[in-house]
Amino acid sequence: MNKQELIKHVAEACDDKRAENIIALDMNEVSLVADYFLICHGSNERQVQAIARAVKETVEEKGLSIKRIEGFDQARWVLVDIGDIVCHIFHKDERYYYNLEKLWGDANQIPLHLGQER
């Protein structure tokens, strides 16, 4: 499975848990941290944790492993490190405060074509 296919599966897992404003950024030209960022948010802590669990389960179902998960207990900004892909799952208040989309504004957005676009 290539990275773009994995991004699509991870985005679908987020969408299944009703994550909002799901975007994927191609970080290849702008950062050494990861090749791709997937960014989304939930409206409360329980939803943020549910999204993070869904991402973890999806990645493991594909035979891959999560490098680490940070911030799960507080559920304000959960970072799921999948290696070349980093999934940022925010509580909606923190999403707009940190505004990663603006911070990494030079990165190209990858179209996801999810079934339930929000």
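This briefing describes the fold, the surface and a few selected residues of one protein chain. The structure is a predicted model, in which local features need pLDDT of at least 70 and side-chain atom pairs count only at pLDDT 80 or more, while totals for chains, interfaces and linings use all residues. Residues are numbered from 1 along each chain as its sequence is written, and side-chain values use heavy atoms, with hydrogens and water left out.

**Overall fold**

- The chain has four helices and six strands, where helices (H or I, at least four residues) and strands (E, at least two) are DSSP runs numbered from the N terminus.
- Read from the N terminus on, the elements follow the order α-β-β-α-β-β-β-α-α-β.
- The chain is as compact as a globular protein of its length, because its radius of gyration of 13 Å is close to the 13 Å that the globule rule gives for 118 residues; this radius is taken over C-alpha atoms, and the rule is 2.2 Å times the number of residues to the power 0.38.
- Along its principal axes, the C-alpha trace spans about 35 × 35 × 30 Å.
- Of the contacts between residues at least 6 apart in sequence, 61% join residues at least 24 apart, with contact meaning heavy atoms within 4.5 Å.

**Surface and charge**

- Buried residues make up 46% of the 118 residues, where buried means under 20% relative accessible area, exposed over 50%, and partly exposed in between (1.4 Å probe, protein chains only).
- The accessible surface of the chain comes to about 6600 Å², and 44% of this belongs to carbon and sulfur atoms; the areas come from the Shrake-Rupley method with a 1.4 Å probe, and for residues only the protein chains shown count as cover.
- The chain carries 15 positive and 21 negative charges, whose mean positions are 5 Å apart; Lys and Arg count as positive and Asp and Glu as negative, without His and the chain ends, and each charge is placed at NZ of Lys, CZ of Arg, CG of Asp or CD of Glu.

- Helix α1 has 14 residues and reaches 20 Å from its first C-alpha to its last, close to the 20 Å expected at 1.5 Å a residue, the expected span being 1.5 Å times one less than the number of residues.
- The buried residues of α1 include Leu 6, Ile 7 and Val 10, and what covers the buried residues of this helix includes β1 (20-26), β2, α2 and β5.
- Helix α2 (residues 45-61) has 17 residues and reaches 24 Å between its first and last C-alpha, close to the 24 Å expected.
- Among the buried residues of α2 are Val 48, Ile 51 and Val 55, and the cover over the buried residues of α2 includes α1 (3-16), β2 (36-42), β4 (77-81) and β5 (85-91).

- Gln 49 lies in helix α2 and counts as buried because its relative accessibility is 18%; leaving aside neighbours within four places in sequence, Gln 49 is in contact with Phe 72, Asp 73 and Ala 75.
- Arg 46 is also placed in helix α2, but Arg 46 is exposed, with a relative accessible area of 71%.
- Arg 46 and Asp 73 are 27 residues apart in sequence, and their C-alpha atoms are 10.0 Å apart in space.

**Residues with positive phi**

- Most residues other than glycine have a negative phi.
- His 113 has a positive phi near 50°; His 113 lies in the segment after β6 (108-110) and is exposed, with a relative accessible area of 64%.
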